[in-house]
Amino acid sequence: MIPYGKQDISQTDIDAVVEVLKSDYLTQGPQVPLFEKTVANYCGANYGVAVNSATSALHIACLALGLGEGDWLWTSPNSFVASANCGLYCGAKVNFVDINPHTYNMCANHLEEKLKQAKQTNQLPKIVIPVHFAGQSCEMKRIYELSLEYGFKIIEDASHAIGGKYLGKPIGGCQYSDITVFSFHPVKIVTTGEGGVATTNQPGLAEKMQLLRSHGVTREPHLMTKALEGEWYYQQVDLGFNYRMTEMQAALGISQMQRVDEFVCIRQAFAKRYDELLHNLPLVLPFQHADTDSSFHLYPILIQTNLIFKTRAQVFKALREHGIGVNIHYIPIHTQPFYQQMGFAEGDFPMAEAYYQQVISIPVFHAMTEQEQDKVVKILERDLI
């Protein structure tokens, strides 16, 4: 089976983890701060906060920005459920902004229109989470300009997008957001096994997220309510969580980050080759906005079922049966039973729903070969023509 995504672990990565296993620290040692610095420096951000998953990073990012009961969080329906669930974790209400039919990202036009309506009903969002789907940045400059007009905070969900660029700068530098969140799950571009990092340029947000990831406990005198009683002393000053990243994960991440540009270059080359090999087939290939430089975590294609007289499900099944590990990204969040219990219904976000009915993510990963890519194309041709 050729998977849609797969980690690439080198001997150098293995050696880095083994070295930690032989060290004095398996958690709360020097590797996590070094990994945070590595990611932040790469992105051009002032601070990085490492945690055990991007979901955890989204949660503490929302809390650091003060999201709570009575507030609204808006995000894209075309994402994994974590992009919306983080708002519910904080007791907030969640809504969605439909996608651009070309980029599959949150549509800035839809966002502006929804903000105008929400202002009239006094239901403006406290936080908006644009999702950089498949590795391509949303229109962050315009979203940022809207945030200044309507007063919301921005968390970039860049789980797919480490190594991507927007307006010539690395995604994650937070030029147009308060916080950016990355995922390091094994199918992502860089992996720590499981893990996430939140970047920010605001010291107060970084300090708050550091506090929340470790039980709300601090040894920092300036955060305490009274003087230290001794070197052992600590205080719980907030209700936090055990969201810490281990030293082994961080060591793997540090090693992987040395190859992030190589990984992205390979993915971009495969994407360009797919563009060339598939352009004559009844497919809609990924569109790239002129302001973006995608990291191509995914290569989603839309099956033009009206031209081939087959359903998307039939094409999906045929590909899987011939060893092509395709997947679907994503089932619109608002169509999930849990969200429909809140009142969402099919038809609420038609662009996301129309996209879902046609999409298949085909394999793209660092260790893929051209022979494997040729096999993907050959099977697609056989099933589409």
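Which residues does Ile362 touch, not counting residues up to four places away in sequence? Ile362 touches Tyr4, Tyr274, Leu278, Tyr299, Ile301, Val326, Val376 and Leu380, where a contact means heavy atoms within 4.5 Å. The model is predicted, so local features need pLDDT of at least 70 and side-chain atom pairs count only at pLDDT 80 or more, while totals for chains, interfaces and linings use all residues. Residues are numbered from 1 along each chain as its sequence is written, and side-chain values use heavy atoms, with hydrogens and water left out.

Ile362 is one of the residues with the most contacts inside the largest nonpolar core, which has 41 residues. A nonpolar core is a set of buried Ala, Val, Leu, Ile, Met, Phe, Trp, Tyr and Cys residues joined through side-chain atoms within 4.5 Å. Buried means under 20% relative accessible area, exposed means over 50%, and partly exposed is in between (1.4 Å probe, protein chains only). At least two residues of this core come from each of helix H9 (260–278), strand S15 (299–303), helix H11 (312–321), helix H13 (350–358), strand S17 (359–362) and helix H14 (370–384). Helices (H or I, at least four residues) and strands (E, at least two) are DSSP runs, numbered from the N terminus. H14 gives the most to this core, with five residues. A second, separate core has 37 residues, including Phe152, Ala161, Val190 and Met245.

The next topic is the pockets. On a 1 Å grid over the protein atoms alone, a pocket is an open set of points with protein on both sides within 12 Å along at least five of seven lines, and lining residues have an atom within 4 Å of a point. The largest pocket has a volume of about 590 Å³; a volume is the space filled by probe spheres set on the points, which are joined across faces, edges and corners. Its lining has 20 residues, and Gln28, Gln210, Arg213, Ser214 and Val217 lie nearest its centre. Gln28 is placed in the loop between helix H1 (11–21) and H2. Gln28 is exposed, with a relative accessible area of 55%, and its phi is near 55°, a positive value in a residue other than glycine.

The second largest pocket has a volume of about 380 Å³. Among its 23 lining residues, Phe80, Ser159, Ser183, Lys188 and Tyr330 lie nearest its centre. Tyr330 sits in the loop between strand S16 (324–325) and helix H12 (337–340), and a cis peptide bond, with omega about 0°, joins it to His329.

H3 gives the most to the lining of the second largest pocket, with three residues. Nine of the eleven residues of H3 are buried, so this helix is largely enclosed by the rest of the structure. At the start of H3, a side-chain oxygen of Ser53 reaches to within 3.4 Å of the backbone nitrogen of Thr55. Just after H3, Gly66 has a positive phi of about 85°.

Ser255, in helix H8 (residues 247–257), is buried, with a relative accessible area of 9%. Ser255 touches Thr12, Asp13 and Ala16, not counting residues up to four places away in sequence. Ala134 is found in the loop between strand S5 (127–129) and helix H6 (140–150). Ala134 is buried, with a relative accessible area of 8%, and has a positive phi of about 65° although it is not a glycine.

Methods. On a 1 Å grid over the protein atoms alone, a cavity is a set of points where a 1.4 Å probe fits but cannot get out, and a pocket is an open set with protein on both sides within 12 Å along at least five of seven lines; lining residues have an atom within 4 Å of a point. A polar contact is a pair of N or O atoms within 3.5 Å; within protein, one must be able to donate a hydrogen and the other to accept it, and residues adjacent in sequence count only if both atoms are side-chain atoms.
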